[in-house]
There are 2 protein chains.
Amino acid sequence: MDDTAASTVATLRRFNRSFTQRIGVLDESFLGAGRPLGQARLLYEIGLGHTSVLELRQRLGLDSGYLSRMLREFEREGLVAVTADPDDGRRRVAELTAAGRRAWDDLDRRSDELAARIVAPLTERQRTELASALATADLLLRAATVSFDVVDPAGPEAIAAMTAYFDELDGRFVDGFDPGDTLTVDAPSMREPTGTFVVAHADDEVVACGGVVRHDATTGEIKRMWVHPDWRGAGVGRRTLTALESHVARLGYDRIVLDTNAVLTEAIAMYERAGYTPTARYNDNPYAQRWFTKPVA
Amino acid sequence: MDDTAASTVATLRRFNRSFTQRIGVLDESFLGAGRPLGQARLLYEIGLGHTSVLELRQRLGLDSGYLSRMLREFEREGLVAVTADPDDGRRRVAELTAAGRRAWDDLDRRSDELAARIVAPLTERQRTELASALATADLLLRAATVSFDVVDPAGPEAIAAMTAYFDELDGRFVDGFDPGDTLTVDAPSMREPTGTFVVAHADDEVVACGGVVRHDATTGEIKRMWVHPDWRGAGVGRRTLTALESHVARLGYDRIVLDTNAVLTEAIAMYERAGYTPTARYNDNPYAQRWFTKPVA
DNA sequence: CCATGTCTCTGACTGTAGTCAGAGAATCTC
DNA sequence: GAGATTCTCTGACTACAGTCAGAGACATGG
């Protein structure tokens, strides 16, 4: 552990101690609503719109029996209605009733009040400073815990990520961007064993993606690399690229190529910083204006 | 609630959610040591040197029965030795045995490793940025939760705070500062009903102090105002002054006076910002070079 | 339509956290 | 030195959190 890391660790631990002590109350204030913490957390998640029992279980990391019991309790109190998912009869969907919505609003209001009481003694300048420090810390901590997972390029997460990517290209390219049917056509090429597709998860949300396809026997091509706008500047793009590069190596290629459009200046800068060098046009992609290559490490 | 406050509250709540989810593990990793969280916290506090049972109870906010039971458990495991306090036979003192120290080191090491794993994916620059954001947020949150309490001016907290104050004056005044026996002589004047003494607590530590004494029938004097060096620039001084001013009003005075030395430029600036105006020398304090006054609001 | 798998639910548990009343020993106050 | 107070301890509780095994309803792929 080098010095920066050691001192960051010390700061993080110190902060954790003082924060949990002070703001733990913020969670326990849920208890102030006469509701145990577990129930309050569950009710809160349901109110946020995460309604399928499966999703709730994954988000909160709860045992299915435990969760089921809490839902029965909510039903008994008339706060939640649980019905079968019309798409899949095994699945069940929980939704707040009117009374449940009121209970949720109450929780939300209490949390707001408590948080407001905590920051109340600060001056306006200090509050602004606090908000910006917390936002920075939040982004970095969230970025630090992003995970990179291989998914099916035709699966819902991949589709959603690439759609966001195409929409962004359409907005930024001078003459717009028409993906045509690439979304479905290209999927097979981004599957093992000659390709792959990776999404970056932060709290089960997809915040970045990228694919690898075969270019020729010894060359892999990186495509569809995209980072969610909220997540730029936190190193997620760089780490996505690193993840993809290691997949290229794993798939047995010894050279990487990629293309991009001239307006994507941040991407170009990142490729250059990552050791990519310009190379000749290697495809007839009408949207490509820059071509790069890099040997596999 | 104005706009700054509302957005700070939203940021704080958002941060709280993502932080506890992510770093909650940091505490639960204590559990990784095969020890329940409550026990781990207690063992950790004992290891930090907070050894009297009373102090542990106050710091951790535990029921005395609950704490007692945990200490018995630690004794049974040979981690802690509990003995009577030689100064007061009612009080008991807990100390780590050699085995307890090893268990503590183990907890500490695990926490370090976990925190290190969390920040590991960040670049050095990002780690520095994270550490500084957390340190800022920590100071502000700690400052926001400071409480101002009336204490006896001859009590241990008041003595400690004023001693630190005098030591600082001695270091900063050109010809040093000799408190003489003011510490004991002045105490009665800083007691109700004509005076008072206030200390600012953050986590049971004294971070600022100040006293009010009778100047004449309608005038209260603010004295011994001091802020711990680590806590300057976070608004604690300003809030100590405000607290003292409200005590002056409560005690029935309608004017405030105070004096200070020319080298205490931050203090002078603060008094001016707070609406104090220069006035004529009103005492023969050999260390005073500036005199201020302000009407009670 | 059968085997296999997925999702949810119930019942029977365990461990942890925390509360409350009251007893006993030491100390403080007058 | 008597009475009040402080501090710790024990015993008897309660509520909350979480685990595990297994049953039942539904879905899916051959």
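**Entry 1: where the chains meet**

At what angle do helix α6 of chain A and helix α6 of chain B pack, and how far apart are their axes? I looked it up in this model, which is predicted: local features need pLDDT of at least 70, side-chain atom pairs count only at pLDDT 80 or more, and totals for chains, interfaces and linings use all residues. Residues are numbered from 1 along each chain as its sequence is written, chains are lettered from A and ligands numbered from 1 in the order in which they are written, and side-chain values use heavy atoms, with hydrogens and water left out.

I found an angle of about 140° and axes 8 Å apart. Both helices run over residues 124-144 of their chains. I noted how helices are assigned: helices (H or I, at least four residues) and strands (E, at least two) are DSSP runs, numbered from the N terminus. Axes are lines fitted to C-alpha atoms, for helices over the stretch in contact, and angles run from 0 to 180 degrees between N-to-C directions.

α6(A) and α6(B) are therefore oblique to each other. The cut-offs are these: under 35 degrees is roughly parallel, over 145 roughly antiparallel, 65 to 115 roughly perpendicular, and the rest oblique.

Next I listed the residues that meet. On the α6(A) side they include L130(A), A133(A) and L134(A). On the α6(B) side they include L130(B), A133(B) and L134(B). Contact means heavy atoms within 4.5 Å. The contact residues divide into twelve nonpolar, four polar and two charged. In this count Ala, Val, Leu, Ile, Met, Phe, Trp, Tyr, Cys and Pro are nonpolar, Asp, Glu, Lys and Arg are charged, and the others, Gly among them, are polar.

**Entry 2: how the copies are related**

I checked the superposition. A rotation of 179° with 0.0 Å of shift along its axis puts chain B on chain A, with an RMSD of 0.2 Å. The two copies are thus related as by a two-fold rotation axis. In chain B, A133(B) has the C-alpha nearest the axis, 2.4 Å from it. A133(B) is also one of the residues in the α6 contact. The same surface serves both copies, as 100% of the contact residues of chain B recur in chain A.

**Entry 3: chain A**

I counted ten helices and nine strands in chain A. The C-alpha trace spans about 65 × 50 × 40 Å along its principal axes. Of the 297 residues of chain A, 48% count as buried. Buried means under 20% relative accessible area, exposed over 50%, and partly exposed in between (1.4 Å probe, protein chains only).

Then I picked G100(A), in helix α5 (residues 98-119). Is G100(A) buried or exposed? G100(A) is buried, with a relative accessible area of 0%. Leaving out residues up to four places away in sequence, G100(A) touches G78(A) and L79(A). I46(A) is 54 residues from G100(A) in sequence, and their C-alpha atoms are 9.6 Å apart.

**Entry 4: helix α2 of chain B**

Helix α2 (residues 37-47) of chain B is mostly covered, with eight of its eleven residues buried. Among them are L42(B), L43(B) and I46(B). Just after α2(B), G49(B) takes a positive phi of about 100°.

I then turned to α5(B). α2(B) and α5(B) pack at about 110°, with axes 10 Å apart. That makes α2(B) roughly perpendicular to α5(B). In α2(B), A40(B), L43(B), Y44(B) and G47(B) meet α5(B) residues including W104(B) and L107(B). By class, this contact has six nonpolar, one polar and two charged residues.

Notes. Copies are superposed by least squares on the C-alpha atoms of residues with pLDDT of at least 70 in both.
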